[in-house]
Amino acid sequence: MNSPADLERTCHCGLIKEGHVDQTVTVMGWVDRRRDLGSLIFLDLRDREGIVQVVADPEHAGTLAKAKEARPEDVLAVTGKVVWRDKETVNPEIPTGRVEIRAERIELLNASETPPFPINSPASASEETRLHYRFLDLRRERLQRNLQLRHRATMAIRNFFDKEGFLEIETPFLTRSTPEGARDYLVPSRLYPGQFYALPQSPQLFKQLLMVAGFDRYFQIVRCFRDEDLRSDRQPEFTQIDLEISFPKIETIFKVVERLLERIFSLVEISVSTPFPRLSYPEAISQYGTDRPDIRYDLKLLDVSAAFSRSSFRVFRQIMEDGGLIKGIRVPGRASFSRKQLDDLRGFVQDQGKGADLSWIKVTTEGMKSSLPKAVGEKELEAVRGSAQLEENDLFLMLGGPQKIVHLILGRLREHLALQENLIPEKSHAFLWVYNFPLLEWDEQEKRYFACSHPFTSPLDEDLDLLESDPARVRAKSYDVVLNGVELGSGSIRIHQRELQTRVFKVLGIEPEEAQAKFGFLLEALGYGAPPHGGIALGLDRIIMLLAGERSLRDVIAFPKTARAVDLMCGAPSTVSEKQLKELGLKLEK
């Protein structure tokens, strides 16, 4: 086993083509498969570009002997002439399938232990095993393809922004903690014992300062860190496409992002239609029960409260008197649902919230059938039919209660039905803007308002008078871009006036002294002619996941963490020595 100095790779395995026929080449890679026919040995040699077939025959006895000894994942160098394959052995499934290399020399560059799972077949090992041996998992063709796609996407993003007049500017990783959102990852300072840096949750304040500095258009493909509660679709460290523009209208940002996504999705030949449809936050919640609706299918939420305004059904009447509503989903052609199917849907709804219960109405050739009690008369059922525009063979699934709960549960039921009934068109992509989110939300436990996005988002001009008198009604100049029910990114027009920023801090319960301590540098900068500015952060990991057709972020990130924020390959997080703790002035409590 050696690395001969006279060998140099002349071509990647997967790039050997018909044009190489009769040429002598040297390829290097991993043994994907070996087939022993006695007098002939066939090796599939693999590198990041693909696979080429190598043939060792008795004409080169030493080479044939080395080929017999080769095992899966051994690293080989092969020199030989490229020849046409026999017609009966042509493999149309791979780009190199019409040619092969007649080996004249084989060198074993490194032997491999038996892998814990096969590299050349779909994942059969558990995710824990795959993540423990991530360096092997990444050899699999699917993950190689995903990370190559990620590379092509980031290159396309950089080229796009360069042509649009943006400057790529790096911002610090070691900064100060400003805990107004998720928890920060803290880094203790050795030179200043008892003091800490924080890893950035986003470059938010720095990109605003770049606008104050006059750079006009900024972007960055940046790593961010959030010490969030464990969720399967999140990573503690993630990558976002960050951008900021001076003197924009919201329309300016929408157009830039739409052109960017159009460019990115063209990499996988997905046509993106612009401009994207738009829904205000109240419209999204009212029609779909969520602020990130999947609009590839209909199933809108329909308000039928008016049908029960004078109902003799006590439960519905009480809901109306308490300020609640009664809404439902029209499911076309599903009046044929069996009692078991309806009971299963009812069970799904009951699992979503305490006290939630589902009612249904069927429109059949024999008339209307309902799960509602007899106190609900024919007149009320006809009013529902008219309000929801029910047709023959339609099923109407109905829920009553407080607005927030009704919208939340029906939104989840809508998604459940779409999957269960295969209502989502294949290979369809529906982009959407959702805008004018609430600026603030009340936290009953803390007895104070929190920013729905972050405290630097500008209120709508027409709502400024409500900021102190009725903060919950203030709308924000904020927006999300959504694809197929997945939030791709969030952004806003920022506050660029010091007085307004101070007012928002005060409504959030951040008094002047605290504001100065945490955000003094921002307030100072806003006093020196900050331009109007706004931007957005798009989740690169999510975008690549959708481009690659994957269901997990971990399949498009080279070295991801588990859902419990653990690196199984490196064994992080880990303990550190007493010496390191002492240098940092830290002491652990048991």
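Mentor: Let's start with burial: a residue is buried under 20% relative accessible area, exposed over 50%, and partly exposed in between (1.4 Å probe, protein chains only). This is a predicted model, where local features need pLDDT of at least 70, side-chain atom pairs count only at pLDDT 80 or more, and totals for chains, interfaces and linings use all residues. Residues are numbered from 1 along each chain as its sequence is written, and side-chain values use heavy atoms, with hydrogens and water left out.

Trainee: Take helix H12, residues 498-507: which of its residues are buried?

Mentor: Leu500, Gln501, Val504, Phe505 and Val507 are.

Trainee: How do you know that they line one face of the helix?

Mentor: Look down the axis of H12: the buried residues fall within an arc of 165°, so they share one face. That arc is taken from the directions from the helix axis to the C-beta atoms. Over on the other side, Glu499 and Lys506 are exposed.

Trainee: What covers the buried residues of H12?

Mentor: The cover includes strands E18 (440-443) and E19 (448-451), plus helix H13 (512-526). Contact here means heavy atoms within 4.5 Å.

Trainee: H12 also holds Arg503. What makes its pairing with Glu468 a salt bridge?

Mentor: A salt bridge needs a side-chain nitrogen of Lys or Arg within 4 Å of a carboxyl oxygen of Asp or Glu. The closest N and O atoms of Arg503 and Glu468 are 2.9 Å apart, so the pair qualifies. Glu468 sits in the loop between E19 and strand E20 (478-483), 35 residues away from Arg503.

Trainee: Is Arg217 buried or exposed?

Mentor: At 16% relative accessibility, Arg217 is under the limit, so it counts as buried. Glu164, at 22%, is partly exposed.

Trainee: How do you know that strands E9 and E10 pair?

Mentor: Strands pair if DSSP finds at least two bridges between them. E9 (residues 217-225) and E10 (residues 237-246) have 9 bridges in the antiparallel sense, so they pass. One example is Phe219, whose bridge partner in E10 is Leu243.

Trainee: And which order do the strands take in their open sheet?

Mentor: The 8 strands run E6-E9-E10-E22-E21-E20-E17-E11, with mixed pairing.

Trainee: What makes E6 and E11 edge strands?

Mentor: Each has a single partner strand, so one side of each lacks a neighbour in the sheet.

Note on methods
Helices (H or I, at least four residues) and strands (E, at least two) are DSSP runs, numbered from the N terminus.
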